[in-house]
Amino acid sequence: MPLTFLVPAILSGAIAAAASAAPASPALPPGQQLVYHCQWTQRYKMSTPWTGTMTIRVNDQGVVNGTYKSTSIKPDPFYGKIVTVTGGLSGDKIRLSFGISPAVSVSGDVFQNGISGVTTFNGGRFEFVAARSQ
């Protein structure tokens with residue numbers, strides 16, 4: 001078979017394999033509903049952490065969608081709200097955006113039983129920890 005026929009066949013196979021490959025993160029299996037108990041703690045300040053429950057799904061392309069519901073009291077900016085969560089996953093790196101105003105985005109790492117990250121909100125630096133619910 002001439003080389004001109006082989007190259008397109010090889011390339012189309014490689015493109016199909018790359019397109020169907022899911023981001024590598026066994027901790028966040030694609031398509032499954034995942035529930036996390038979350039805590040936001042402000043660095044360098046004695047305060048009561050904010051808490052909530054996050055329910056998300058990750059699709060095969062690493063797109064994250066879900067909701068977050070506060071379980072703490074004021075001055076939690078999420079208090080009394082259910083907000084959308086969107087984001088992306090690439091390997092063990094995750095970015096989550098929480099639909100409140102002003103917007104809150106967390107950049108962090110995924111572990112077998114949770115997520116750990118940081119964000120800046122209203123001039124303060126916060127640590128975000130999410131433990132997977134069993």
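**Labels and their cut-offs**

Tutor: Start with D109, which has 24% relative accessibility and counts as partly exposed. This is a predicted model: local features need pLDDT of at least 70, side-chain atom pairs count only at pLDDT 80 or more, and totals for chains, interfaces and linings use all residues. Residues are numbered from 1 along each chain as its sequence is written, and side-chain values use heavy atoms, without hydrogens and water.

Student: Why does D109 count as partly exposed?

Tutor: Buried means under 20% relative accessible area, exposed over 50%, and partly exposed in between (1.4 Å probe, protein chains only). D109 has 24%, so the label is partly exposed.

Student: What makes D109 and K93 a salt bridge?

Tutor: The term needs a side-chain nitrogen of Lys or Arg within 4 Å of a carboxyl oxygen of Asp or Glu. D109 and K93 meet at 2.5 Å, N to O, so the pair qualifies. D109 lies in strand β6 and K93 in strand β5, so the pair ties together parts 16 residues apart in sequence. K93 is partly exposed too, at 48%.

Student: How many salt bridges does the structure hold?

Tutor: Two. E127 and R43 also form one, at 3.0 Å, N to O. E127 lies in strand β8, so this pair ties together parts 84 residues apart in sequence.

Student: How do you know that β1 and β8 pair?

Tutor: Two strands pair if DSSP finds at least two bridges between them; strands are DSSP runs (E, at least two residues), numbered from the N terminus. β1 and β8 have seven bridges, antiparallel, so they pair.

Key: Helices (H or I, at least four residues) and strands (E, at least two) are DSSP runs, numbered from the N terminus.
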